[in-house]
Amino acid sequence: MNAVLVMRNWFLGMQEDTSYLESDLEQCIIDNLQKFLMELGKGYAFVARQQHIHTEKEDYYIDLVFYNYILKCFVLIDLKTKKITHQDVGQMDMYIRMYDELKKSEDDNPTLGIVLCSDTDEDIALKQIQAIYREEKKLTDQSAEERLQHRRLIIRPMVDAYFAWVKENIHKVPAKGKTYQGFSYSINQEKYLRVFLEDGKVPIDNNAAAESSAILYSIAETAKANNLKPYNYFEYLLSEIPNHMDDKDLNFLENLLPWSEKLPDCCRK
């Protein structure tokens, strides 16, 4: 049940320069530890730098180790000054398994891993979403109760991290670009996109609520564009449509459209 998050590493005043060494980035974080902890969020405490993990076959060194007393788990950080690769994610997954086996106590929740890299905002958003789906894919054969427990323990922190990152970075991308549109959709539909975290029977791709919300929003905006009062217009639709439930001829719908001249005055501004 390993969770690997991907985050961008350009903060603390460092310029986007690929000539930096990973050791430079690590030293910058140590020099600005308080600020870095604030960047990570609430509940983080510094544990170690270049922590040595010894196995029978090889020695490994984890760049940075933290403990989150809210999540009750260790958080491992691997620093990359270039774009992340599948090998980097695989390496972090290995670190997590070793840490759970050698360092985690019985009272600790499963270890989390964060790879700090130089990917673009859209790359990071995509990889965070992919990480969430990888975790969800592991739950295919589990019961609804087991699935819900895993989602709350492992996937919810990943979803929280994704939404926190999107909200922090949405104003850093071009407002007319597709990345901004994607970020904006996530924020506007957050309530519905989180539904699967509260019910183990709900699939992660249950978009019905989000789609319904988008349709209602579109109707409301069209009503406004036609100088209608959205609330009064919806009220009229809900009272009028039931009168035609048995109609085979749907031409009556023409009279209910936002631009229809046959709408009652109570719907108009």
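**Entry 1: burial and surface.** I looked up burial first: 40% of the 269 residues of the protein count as buried, where buried means under 20% relative accessible area, exposed means over 50%, and partly exposed lies in between (1.4 Å probe, protein chains only). I note that this is a predicted model, in which local features need pLDDT of at least 70 and side-chain atom pairs count only at pLDDT 80 or more, while totals for chains, interfaces and linings use all residues. Residues are numbered from 1 along each chain as its sequence is written, and side-chain values use heavy atoms, with hydrogens and water left out. The accessible surface of the protein is about 16100 Å², computed by the Shrake-Rupley method with a 1.4 Å probe; for residues, only the protein chains shown count as cover. Carbon and sulfur atoms hold 52% of that surface.

**Entry 2: helices and strands.** I found nine helices and five strands in the protein; these are DSSP runs, numbered from the N terminus, with helices being H or I of at least four residues and strands being E of at least two. Along the sequence I read the pattern β-α-α-β-β-β-α-β-α-α-α-α-α-α. I then took the contacts (heavy atoms within 4.5 Å). Where the residues are at least 6 apart in sequence, 61% of contacts in the protein join residues at least 24 apart.

**Entry 3: cores.** I looked for nonpolar cores, meaning sets of buried Ala, Val, Leu, Ile, Met, Phe, Trp, Tyr and Cys residues joined through side-chain atoms within 4.5 Å. The largest has 19 residues, and those with the most contacts inside it are Ile132, Ile155, Val159, Tyr162, Phe183 and Phe196. Helix 4 (121-137) and helix 5 (144-169) are the elements that give two or more residues to this core. Helix 5 gives the most, with eight residues. I checked Ile132: leaving out residues up to four places away in sequence, Ile132 touches Ile155, Met158, Val159, Tyr162 and Ile204. A second, separate core has 13 residues, including Phe74, Met92, Tyr95 and Tyr99.

**Entry 4: aromatic rings.** I searched the whole structure and got six aromatic pairs. Rings of Phe, Tyr and Trp (its six-membered ring) pair if their centres lie within 6.5 Å; planes under 30 degrees apart count as stacked, over 60 as edge-to-face and the rest as tilted. Tyr60 and Tyr95 are edge-to-face, at 6.2 Å centre to centre with 70° between the planes. Tyr60 sits in strand 3 (residues 59-68) and Tyr95 in helix 3 (residues 86-102), so this pair ties together parts 35 residues apart in sequence. I noted both Tyr60 and Tyr95 as buried. The ring centres of Tyr233 and Phe234 are 6.3 Å apart with planes at 45°, so I filed this pair as tilted. Tyr233 has 3% relative accessibility and counts as buried, whereas Phe234 is partly exposed at 22%. I also found Tyr67, Phe74 and Tyr99 linked into a cluster by ring pairs.

Entry 5: In helix 9 (residues 230-240) I marked Tyr233, Tyr236 and Leu237 as buried. They cover an arc of only 100° around the axis, so they lie on the same side of helix 9; the arc is taken from the directions from the helix axis to the C-beta atoms. The face turned away from the buried side of helix 9 carries the exposed residues Tyr231 and Leu238. In the segment after helix 9 I found His244, which counts as buried at 19% relative accessibility. The side chains of His244 and Asp247 are joined by a polar contact of 2.7 Å. A polar contact is a pair of N or O atoms within 3.5 Å; within protein, one must be able to donate a hydrogen and the other to accept it, and residues adjacent in sequence count only if both atoms are side-chain atoms.
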